[in-house]
Amino acid sequence: GVRGALIAAIVGIGAMAAFTVALRRAVPVASRLRGAVLGAAAGAWAGLAVFAFCPSGDHQHLLAGHLLPIIVLILVGAAATPRLLRP
C-alpha cells in the first residue's frame, strides 16, 4: 500500500505541476474548472502508474487504492491550482 501511494503521489504531483506550468498563461477563464481538469489528468497519470506496478486485483483494493488518488488529485487541483492559473 505504501509503495503504491508513494508512486501515485510522485507521478500525480509531478504531472499536476507540469500541467499547471504549461497552462499558466492560457485563457484566463474558469480557473477552478481548469484546475479540476488538470487534477483529473494528473490523477489519470497517477492511476496508470499505480496500475503498472500493482499486482493486486482485489476489488476493495482497486476502489480504495487506485480510485482514491484520482479523486484526491481532482479536489487538490480544483482547490490549489486556480491561483496559479490566473495571469
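This is a predicted model: local features need pLDDT of at least 70, side-chain atom pairs count only at pLDDT 80 or more; totals for chains, interfaces and linings use all residues.
Me: Good. So is leucine 75 buried or exposed?
Reply: Leucine 75 counts as exposed, because its relative accessibility is 56% and the cut-off is over 50%.

Me: And which helix is leucine 75 in?
Reply: Leucine 75 sits in helix α3, which covers residues 59-80.

Me: Which residues make up the nonpolar surface patch?
Reply: Leucine 75 is one of them: Leu63, Leu67, Ile71 and Leu75 together make a nonpolar surface patch of about 380 Å².

Me: Let's zoom out. How many helices and strands does the chain have?
Reply: There are four helices and zero strands in the chain. Read from the N terminus, the order of elements is α-α-α-α.

Me: What are the spans of the C-alpha trace?
Reply: Along the principal axes of the chain, the C-alpha trace spans about 45 × 20 × 15 Å.

Me: What percentage of the residues count as buried?
Reply: The chain has 87 residues, and 30% of them count as buried.

Me: Give me one of those. Is alanine 42 buried or exposed?
Reply: Alanine 42 is buried, since its relative accessible area is 0%. This alanine belongs to helix α2.

Me: How far is alanine 42 from methionine 16 in space?
Reply: Their C-alpha atoms are 5.2 Å apart, while in sequence alanine 42 and methionine 16 are 26 residues apart.

Me: What about isoleucine 7, buried or exposed?
Reply: Isoleucine 7 is buried: its relative accessible area is 19%, and buried means under 20%. Its place is in helix α1.

Me: Which residues lie nearest the centre of the pocket?
Reply: Of the 26 residues that line the largest pocket, Gly4, Ala5, Ala8, Ala9 and Pro69 lie nearest its centre.

Me: How does the lining split by class?
Reply: The lining of the largest pocket has 18 nonpolar, seven polar and one charged residues.

Me: Now the loops. Where is proline 28, and is it buried or exposed?
Reply: Proline 28 lies in the loop between α1 and α2. Its relative accessibility is 54%, so proline 28 counts as exposed.

Me: How far apart are proline 28 and valine 50?
Reply: Proline 28 and valine 50 are 33 Å apart in space, C-alpha to C-alpha, and 22 residues apart in sequence.

Me: Last one: threonine 81. Where is it, and is it buried or exposed?
Reply: Threonine 81 is in the loop between α3 and α4 (82-85). With a relative accessible area of 4%, threonine 81 is buried. From threonine 81 to isoleucine 70 is 16 Å, C-alpha to C-alpha, and 11 residues in sequence.

How values were computed
Residues are numbered from 1 along each chain as its sequence is written. Side-chain values use heavy atoms; hydrogens and water are left out. Patches are made of residues with over 30% relative accessible area and no salt bridge: like charges are joined within 9 Å, nonpolar side chains (Val, Leu, Ile, Met, Phe, Trp, Tyr) within 5 Å. Accessible areas come from the Shrake-Rupley method with a 1.4 Å probe; for residues, only the protein chains shown count as cover. A salt bridge is a side-chain nitrogen of Lys or Arg within 4 Å of a carboxyl oxygen of Asp or Glu. Helices (H or I, at least four residues) and strands (E, at least two) are DSSP runs, numbered from the N terminus. Buried means under 20% relative accessible area, exposed over 50%, partly exposed in between (1.4 Å probe, protein chains only). On a 1 Å grid over the protein atoms alone, a cavity is a set of points where a 1.4 Å probe fits but cannot get out, and a pocket is an open set with protein on both sides within 12 Å along at least five of seven lines; lining residues have an atom within 4 Å of a point. Ala, Val, Leu, Ile, Met, Phe, Trp, Tyr, Cys and Pro count as nonpolar, Asp, Glu, Lys and Arg as charged, and the others, Gly among them, as polar.
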